[in-house]
Amino acid sequence: MRKSTVRNRFKLDEKDIQMINEKGMDVIRSYAVDFVQKRFAPAVILNDGKQTPMRGHPVFEAQHATAFCCSGCLYKWHHIPVGVELTKEQQEYVVNVLMEWIGKKYKA
């Protein structure tokens, strides 16, 4: 994924950084948990391929940068099967990767 020009073009903008500064990383993590539970954990994903906005939230940026934006990317990059409900362990993995990316970009 490090060699992917598409994945590497994502970054936190000023509004994302401002949100992190105002809310804190714990609240951002809670958003990530919520987004993963509602948008990726179910076996059937509504609007699959279009459920993750391109901008407007640090978690959205992280989802695109780390290929957790749709079921196709989940499978292609992370080998998580399509059409199967995510386990709690898989959900934790997704959130941890998202938060690691946000943490690195926030400090950069």
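1. Rings of Phe, Tyr and Trp (its six-membered ring) are taken to pair if their centres lie within 6.5 Å; planes under 30 degrees apart count as stacked, over 60 as edge-to-face and the rest as tilted. The model is predicted, so local features need pLDDT of at least 70 and side-chain atom pairs count only at pLDDT 80 or more, while totals for chains, interfaces and linings use all residues. Residues are numbered from 1 along each chain as its sequence is written, and side-chain values use heavy atoms, with hydrogens and water left out.

2. Searching the whole structure gives 3 aromatic pairs. In one of them, Tyr31 and Phe35 are stacked, because their ring centres are 6.5 Å apart and their planes are at 15 degrees. Both residues belong to helix 3 (residues 25–39), 4 residues apart, about one turn of the helix; helices (H or I, at least four residues) are DSSP runs, numbered from the N terminus.

3. Tyr31 is partly exposed at 26% relative accessibility, whereas Phe35 is buried at 13%. Buried means under 20% relative accessible area, exposed over 50%, and partly exposed in between (1.4 Å probe, protein chains only).

4. Phe35 also stacks with Phe60, the centres being 5.1 Å apart and the planes at 25 degrees. This pair links distant parts of the chain, with Phe35 in helix 3 and Phe60 in helix 4 (residues 58–65), 25 residues apart. Phe60 is buried, as is Phe35.

5. Arg39 lies over the face of Phe35, at 5.0 Å from the ring centre. The criterion is NZ of Lys or CZ of Arg within 6 Å of the ring centre and within 35 degrees of the ring normal.

How values were computed. Helix = DSSP H or I, 4+ residues; strand = E, 2+ residues; numbered from the N terminus.
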